[in-house]
Each structure stands twice: as structure tokens, then as C-alpha cells.
Amino acid sequence: MRVLVTAGPTREAIDPVRFLSNRSSGRMGYAIAQALLAAGHEVVLVSGPVQITPPDGVLSVQVESALQMLDASLAAWPDCDAMFAVAAVADYRPKQVSEQKLKRQEGEGQFLELIPNPDIVATLAATKQQRLVIGFALESHHGLQHARAKMQRKCLDVVVLNGPEAQGAASSRMTILKSDGSQHDVGPLPKAELAVELVRYTLANGAD
Ligand code: C5P
């Protein structure tokens, strides 16, 4: 199979030197890319800015913003058989990107108007046909309920539920939920081992 993986955070520019982003390390997405390679798949890794290097053998596409990640993912999708959406895409971006560095206004507050970013996994899942689409849900409360709702809303085949402690951590646990109603709890384990189990469980038993 040829598999698309999105990973890492996105950066949403405010001006030439500032951006909005989040603490995603990219570790889980890169571990999944590695596990996919080890299982004999081809991987297109579309990644936001991270401190780690892509595994040897992946086709790596580096992006910054959610819009760039969407474009790169849409370009790769027609040739892929499955997608793991692991990126922590910023929900919003500044409505206007200032061409010049914003100046501090002495003693005054500053408003930043934000607009929603497109949902990358939902956009691709809308044209998935027989292809397998796997998304992640990072939830602090009522995780199972929210994760199942997300699976339906975004048209996913599988959703992987994590707690907030997973972000940036080397090890974590996950609950893999499938659209057939099944549930599989894994960990705590290092992310590399979680990734191997996720690939085994979803691609071995998942929809072909
Ligand atoms: O809605 P939420 O952000 O919790 O959904 C998380 C899942 O959706 C992850 O798989 C993430 O990669 C994906 N996502 C996306 N594009 C967005 C927001 C989330 O692909 N704009």
C-alpha cells in the first residue's frame, strides 16, 4: 500500500516573524511512518515543522501552515490507499497576515481576528471510497463519546483516542476505535511500539 501520513503541528503566520502553533512534537506521526515502512508500505509524510528527521525511505513533504498541509495532502491523496491523520492542525489562523512586523502600541491591547482552518482529514475522507482513513482524537473528558462522534462526523474508519498527556510525551496509551464498534486498548508503551501495534491492528484487520 501507499500510505499518506500527516504529522506535527502547523504554524499560522501573524506577521513575518510571529505565528500561532502548538506543542505537537511529530513523534507519533513519524513513528507511524517508520512502522508503515517496516511493514513494507510506501509512505508520503506531510509534516509541519518538527525537530526530528523523517525516516529514510519516506517521501517527505515539509509544510508550515494548515493550508499548505491541505494542498500537499490533496496532491498526494489520489495515489494513496490509506491515510493516517496524525497532525495537530491549528483550528484557526489569523484572518489577516501582516506583511510588516506588527508594532507594539504602547499601553494598548491588541485584537487578533481568527478564522477556521479547513479540516484536512475530513476533506480527504469525503472522497475516500474504499480507502482507509485513520484519525486521532486528543480528548480530556468523555473521550470515548467524543472520539466516536468525531469518527462519524469526519467519515473516518478508525479513530485513535489519546489523553492530553500524550502530546510531546515519549510513551503513552491509546484506544483504537473502529467504525464497526470495536475497541482495542494499547499501552502504555513507547510511541514506536504503539505505532507498530496501530499499523498491525488497522491494516491487518481493517477494510482493504
Ligand atoms: O477535531 P480534532 O482536531 O480533534 O480532530 C483530530 C483529527 O483530525 C486528527 O486526526 C487530526 O490530524 C485531524 N485534523 C485535520 N485537520 C484539521 C483538524 C484536525 O486533519 N483542521
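Start at the ligand and select Ala85: a polar backbone atom of this residue is 2.6 Å from an oxygen atom of the ligand. That pair is a polar contact, meaning N or O atoms within 3.5 Å; within protein, one must be able to donate a hydrogen and the other to accept it, and residues adjacent in sequence count only if both atoms are side-chain atoms. Next select Pro118, where a polar backbone atom is 2.8 Å from a nitrogen atom of the ligand. Then go to Lys154, which has an N or O atom of its side chain 2.8 Å from an oxygen atom of the ligand. The protein covers 85% of the 450 Å² of accessible area that the ligand has on its own (Shrake-Rupley method, 1.4 Å probe; for residues, only the protein chains shown count as cover).

Before going on, note that this is a predicted model: local features need pLDDT of at least 70, side-chain atom pairs count only at pLDDT 80 or more, and totals for chains, interfaces and linings use all residues. Residues are numbered from 1 along each chain as its sequence is written, and side-chain values use heavy atoms, with hydrogens and water left out.

Select Ala85, Val86, Ala87, Val89, Pro118, Asp119, Ile120, Val121, Gly135, Phe136, Lys150 and Lys154. By class, the shell has eight nonpolar residues, one polar and three charged (Ala, Val, Leu, Ile, Met, Phe, Trp, Tyr, Cys and Pro are nonpolar, Asp, Glu, Lys and Arg charged, and the others, Gly among them, polar). At least two shell residues come from each of α3 and β9; helices (H or I, at least four residues) and strands (E, at least two) are DSSP runs, numbered from the N terminus.

Which pocket holds the ligand? The ligand sits in the largest pocket, in that more than half of its atoms lie within 2 Å of the pocket's grid points. A pocket is an open set of points on a 1 Å grid over the protein atoms alone, where a 1.4 Å probe fits, with protein on both sides within 12 Å along at least five of seven lines; lining residues have an atom within 4 Å of a point. The largest pocket has a volume of about 860 Å³. Of its 39 lining residues, Val86, Ala87, Ala88, Val89 and Phe136 are the closest to its centre. Color β9 as well: this strand gives the largest share of the lining, four residues.

Move to the second largest pocket, about 160 Å³ in volume. Its lining includes Ile14, Pro94, Phe111 and Glu113.

Finish with two backbone details. Gly187 and Pro188 are joined by a cis peptide bond, with omega about 5°, and Pro188 lies in strand β12 (residues 183-190). In the loop between α3 and β9, select Gln129, a residue other than glycine whose phi is positive, near 50°.

Key. Grid points are joined across faces, edges and corners, and a volume is the space filled by probe spheres set on the points. A residue is near a molecule or strand if one of its heavy atoms lies within 4 Å of it.
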